[in-house]
Amino acid sequence: MIQFDKVVKRFGDVTVLRELDFHVKPAERVTLIGPSGSGKTTILRLLMTLERVTSGTIEVDGQCLSHMKRGDRMVPADEKHLRQVRKKIGMVFQQFNLFPNMNVLRNITEAPVRALGVPREQAEEKARDLLEMVELSDKALAHPSQLSGGQQQRVAIARALAMEPEVLLLDEVTSALDPELVSGVQSLLRDIARSSNLTLLCVTHEMNFARDISHRVLMFDQGQIVEDGPPEQIFNEPEQQRTRDFLQAVLNA
Amino acid sequence: MMTVNPCSGDLPGVFGETMPFLCQGAAVTLQSAAGGAALAIVIALVVGLMASSPLRTVRGVARVYMEFFRGTSVLVQLFWLFYAMPILTGYQMDKVFAGVLALGLNLGAYGSEVVRGALQAVPPSQREAAIALNFSPLQRMRYVILPQAFVEMIPPMNNLLIELLKATSLLSVITVADLAYEGRLLVNSGSDQLIVFALMLVIYFVFSYAITLVMRFVERRAARMVGRGKPRRRRATAAVEAAR
């Protein structure tokens with residue numbers, strides 16, 4: 001589903017990703033862990049086309065993100081191509097990023113209506129189903145600023161799912177929440193993960209969440225994958241010293 | 001009680017003599033201000049958006065326009081449009097039209113800077129969220145960025161509109177019969193200076209205060225649309241909310 005091939009990303013003189021290769025299968029749930037600055041969030045931002053690779057290629061479902069075919073040459077992707085590949089991908093942000101100029105319902109329906117051309121009634125019906133799933137049916141007409149952080153994040157999750165993505169990117173989705181709101185959002189995501197066949201790519205500092213949501217955990221350091229394996233292996237008997245040090249640091253925090 | 005139309009000349013003494021003329025002038029002032037404002041707002045939006053374009057040449061064109069019209073005086077622009085243009089092109093503009101054009105071009109340049117600044121003040125994360133939801137660049141601007149930037153534009157736009165209203169008095173230099181022109185005419189033909197000048201002061205003030213009232217109303221409406229109850233006390237409200 002997702003294929004990174006020798007991906008390099010530099011910001012000025014800083015190399016964030018160094019020749020990164022990895023592969024994610026359809027419906028696989030992968031968690032990226034590692035110290036901050038190791039490039040995890042950059043991977044999600046590259047996939048969402050919020051950043052462009054410096055070199056290398058990323059493919060989603062066989063389609064290259066940064067380039068497209070014109071004749072038999074590869075040229076940089078234009079907006080039309082980008083919108084085509086973005087259709088498959090959704091993202092939930094650390095800071096929720098709900099639109100303050102729309103109420104909750106509008107936040108969820110606006111993109112399907114405008115970007116996909118779904119009729120408004122149909123989009124609203126779907127939005128109400130999603131709001132029921134995230135247990136916020138009574139907040140449909142509320143304004144984002146009237147919601148708690150946890151509620152805002154649940155709306156943001158509903159908003160991403162309304163676009164029916166095949167891949168969902170979760171970028172530290174509970175890091176900005178008050179501690180008592182974290183578990184609600186996490187259990188919602190666990191339910192979504194188990195009841196759908198979404199391909200999930202998740203950056204988190206919550207190791208317990210990583211353990212029960214993912215099929216596979218990738219340990220990152222300095223723009224490279226240090227260790228790659230199922231959660232039991234990574235958390236119980238990590239092979240690499242870097243992984244052991246990192247886990248020790250976060251689990252004792 | 002009988003109401004007297006202050007513009008009819010039924011008022012006693014010097015007021016009855018001067019008010020009909022001042023009212024005529026005030027109407028011309030209002031017309032030129034309204035025309036100039038309409039043009040300035042359209043220019044501000046278009047050039048402000050151009051100045052925020054990812055394309056360098058488009059930004060460059062906007063930049064040149066903004067710097068040129070901010071950097072030269074309205075009066076000189078007026079002279080060019082009304083006196084110099086006919087010499088160069090043989091086309092003589094109507095004087096009110098030339099006035100509206102000069103005001104619109106000049107205040108439009110200031111307004112573009114306001115629009116550009118307001119667009120830039122919308123957090124980049126809003127744009128990113130809109131990309132993630134697959135909005136096209138145009139839809140991102142139309143449905144996400146502009147509505148949020150709009151609220152930020154209103155207080156500085158209020159200032160500009162008042163500036164524009166007052167700058168209409170420059171049109172009297174090319175003999176547009178506005179409030180300033182009529183006032184000076186009355187004084188020159190022997191009306192009481194103090195009274196005429198005082199009336200002019202009051203009329204300008206009433207107009208500019210009306211602009212402020214309208215803009216405050218628009219601001220409150222816009223603020224409510226982006227979920228801020230009281231825009232001027234935004235921080236205090238947030239703090240109260242957090243303390244609950």
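Leu218(A) stands opposite Asp228(A), a residue of strand β12(A). The structure is a predicted model, in which local features require pLDDT of at least 70 and side-chain atom pairs count only at pLDDT 80 or more, whereas totals for chains, interfaces and linings use all residues. Residues are numbered from 1 along each chain as its sequence is written, and chains are lettered from A and ligands numbered from 1 in the order in which they are written.

The strand pair β11(A) and β12(A) is antiparallel and joined by five bridges; two strands are taken to pair if DSSP finds at least two bridges between them. These two strands form a hairpin with two residues between them, and Gln222(A), located in the turn, has a positive phi of about 50°. Helices (H or I, at least four residues) and strands (E, at least two) are DSSP runs, numbered from the N terminus.

Strand β3 (residues 29-33) of chain A pairs in the parallel sense with strand β11 (residues 216-221) of chain A over four bridges. Within this pairing, Val30(A) has Arg216(A) as its bridge partner, and Ile33(A) has Met219(A). Pairing of β3(A) with β10(A) is likewise in the parallel sense over four bridges, with Thr31(A) opposite Cys202(A) of β10(A). Five of the five residues of β3(A) are buried, so this strand is largely enclosed by the rest of the structure. A residue is classed as buried if 20 or more other C-beta atoms lie within 10 Å of its own, as exposed if 12 or fewer do, and as partly exposed in between, with C-beta atoms placed from the backbone. Cover is present on both faces of β3(A): the buried residues are Arg29(A), Thr31(A) and Ile33(A) on one side, and Val30(A) and Leu32(A) on the other.

Helix α5 (residues 149-161) of chain A comprises 13 residues and reaches 18 Å from its first C-alpha to its last, close to the 18 Å expected at 1.5 Å a residue; the expected span is 1.5 Å times one less than the number of residues. This helix is mostly covered, since eleven of the 13 residues of α5(A) are buried. Among them are Arg154(A), Val155(A), Ile157(A), Arg159(A) and Leu161(A). The cover over the buried residues of α5(A) includes β8 (89-92), α3 (104-116), α4 (120-133), β9 (167-171) and α6 (179-195) of chain A.

Chain A as a whole has nine helices and twelve strands. For its 253 residues, a compact globule would have a radius of gyration near 18 Å, and the value of 19 Å for chain A agrees; the radius is taken over C-alpha atoms, and the globule rule is 2.2 Å times the number of residues to the power 0.38. Taken along the principal axes, the C-alpha atoms of chain A fill a box of roughly 55 × 50 × 35 Å. Of the 253 residues of chain A, 42% count as buried. Two residues are in contact if their C-beta atoms, placed from the backbone, lie within 7 Å. Among contacts in chain A between residues at least 6 apart in sequence, 64% join residues at least 24 apart.

Chain B contains nine helices and zero strands. Its C-alpha trace spans about 70 × 55 × 25 Å along the principal axes, and buried residues make up 36% of the 244 residues in chain B. Residues 24 or more positions apart account for 72% of the chain B contacts with a separation of 6 or more.

At the interface, 19 residues of chain B are in contact with 23 residues of chain A. Helices α5 (124-132) and α6 (137-167) of chain B each supply at least two residues of the side that touches chain A. The residues on that side of chain B divide into eleven nonpolar, seven polar and one charged. In this classification Ala, Val, Leu, Ile, Met, Phe, Trp, Tyr, Cys and Pro count as nonpolar, Asp, Glu, Lys and Arg as charged, and the others, Gly among them, as polar.
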